[in-house]
Amino acid sequence: MTHPAITLPTLIAHRGYSAAAPENTLAAVRAAHEAGARWVELDVQLLGDGTPVIWHDAEVDRCSDGRGNLNTLTWPQAKVLDVGSWFGDSFADEKMASLEAMLALLNELEMGVNMEIKVNKGRDPIELVNRVLPEMLDALSPERLIVSSFDVDALKHCRTLAPKEELALGVLFGNTPREWRALCEAVDAFSIHPHWPRLKRDQADAMHQAGYQLLCYTANDPSAFNNRWEWGIASVITDEPAIFKRFLDNQHS
Ligand code: G3P
Ligand code: MG
């Protein structure tokens with residue numbers, strides 16, 4: 001049994017091209033595509049009525065004209081929020097993306113996605129996975145999907161629903177725990193996604209030697225990140241794909 005044959009991109013646009021458009025929106029994914037990114041990282045969670053949406057925070061306050069917890073909203077209430085004006089007047093018409101609409105756009109643009117299962121405090125990882133994973137597996141080919149999470153229960157449940165050859169799983173680490181190897185083995189992980197400033201060289205070497213792909217988040221300054229490429233990092237997750245691309249293109253020209 002092998003993992004899906006994923007060709008990892010050097011750059012993954014974090015929450016879409018979130019430096020250029022409101023994060024986790026259809027506009028941010030279109031902007032990432034226009035900037036030449038082939039993959040995006042997005043966050044998925046549920047509204048109160050069980051509708052899966054692309055959203056990072058537990059509340060809607062920071063990134064919309066609404067107030068309150070995401071899990072108290074229904075889709076008819078959420079879909080009329082203005083989720084763009086906080087970022088810029090030109091995005092005033094932007095609406096919250098349902099998972100369904102986002103998957104359709106990713107297919108239209110033929111983009112890959114690192115979908116983070118965002119288990120905010122007090123939320124049930126099993127309910128979330130049950131609701132979102134079948135929809136993602138139905139819509140996307142395994143070569144264009146990595147499902148990641150900080151939540152080990154969510155990842156373990158994903159693995160009970162899809163075997164290794166049909167679903168690539170990524171384990172997110174802030175500080176890398178001592179038991180990182182056992183956690184990754186428990187979910188048959190494809191990749192490890194460490195917070196890059198906290199990753200140590202010896203940890204990166206051991207992860208790499210154990211056969212895991214390394215996708216680091218979230219780096220926005222290519223010169224600060226630069227020597228990490230020597231550590232065997234496959235992909236960088238960045239808010240600034242265009243800046244990274246320019247830097248790397250210049251280095252190789
Ligand atoms: O998936 C990498 C990164 O998105 C994890 O942190 O808080 O930006 O979702 P956060
Ligand atoms: Mg995320």
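Helices (H or I, at least four residues) and strands (E, at least two) are DSSP runs, numbered from the N terminus. With that in hand, welcome to this predicted model, in which local features need pLDDT of at least 70, side-chain atom pairs count only at pLDDT 80 or more, and totals for chains, interfaces and linings use all residues. Residues are numbered from 1 along each chain as its sequence is written, while chains are lettered from A and ligands numbered from 1 in the order in which they are written.

**The overall picture**

- The chain holds nine helices and nine strands.
- UniProt, in an unreviewed entry, lists residues 9-248 as "domain: GP-PDE"; its positions are given in the numbering used here, feature names are shortened, and annotations may be inferred rather than shown by experiment.
- That span, residues 9-248, is 32% helix and 18% strand, and its end C-alpha atoms lie 13 Å apart.
- Along its principal axes, the C-alpha trace spans about 50 × 45 × 30 Å.

**Inside the chain**

- Of the 253 residues, 45% are buried; a residue is buried if 20 or more other C-beta atoms lie within 10 Å of its own, exposed if 12 or fewer, and partly exposed in between, with C-beta atoms placed from the backbone.
- The largest nonpolar core has 75 residues, and Val-40, Val-147, Leu-169 and Cys-216 touch the most other members. Helix H1 (residues 26-34) gives the most to this core, with six residues.
- Such a core is a set of buried Ala, Val, Leu, Ile, Met, Phe, Trp, Tyr and Cys residues joined through C-beta atoms within 7 Å.
- Leaving aside neighbours within four places in sequence, Cys-216 is in contact (C-beta atoms, placed from the backbone, within 7 Å) with residues including Pro-194, Trp-196 and Ile-237.

**A closer look at helix H1**

- Seven of the nine residues of H1 are buried, so this helix is largely enclosed by the rest of the structure.
- Among the buried ones are Leu-26, Val-29 and His-33.
- Their cover includes strand S1, strand S2 (39-46), helix H3 and helix H9 (241-252).
- After H1 comes Gly-36, with a positive phi near 95°.

**Around ligand 1**

- The shell consists of His-14, Glu-41, Asp-43, His-56, Glu-116, Ser-148, Leu-172, His-193, Tyr-217, Thr-218 and Ile-237; a residue is near a molecule if its C-beta atom, placed from the backbone, lies within 6 Å of it.
- These residues divide into three nonpolar, five polar and three charged. Ala, Val, Leu, Ile, Met, Phe, Trp, Tyr, Cys and Pro count as nonpolar, Asp, Glu, Lys and Arg as charged, and the others, Gly among them, as polar.
- Glu-116 lies in strand S4 (residues 112-117) and counts as buried, because it has 26 C-beta neighbours inside 10 Å.
- Not counting residues up to four places away in sequence, Glu-116 touches Glu-41, Leu-42, Asp-43, Ser-148 and Ser-149.

**One exposed loop residue**

- Glu-110 lies in the loop between helix H3 (99-109) and S4, and counts as exposed with 9 C-beta neighbours inside 10 Å.
- Glu-110 has a positive phi of about 55° although it is not a glycine.

Notes. Contact = placed C-beta atoms within 7 Å.
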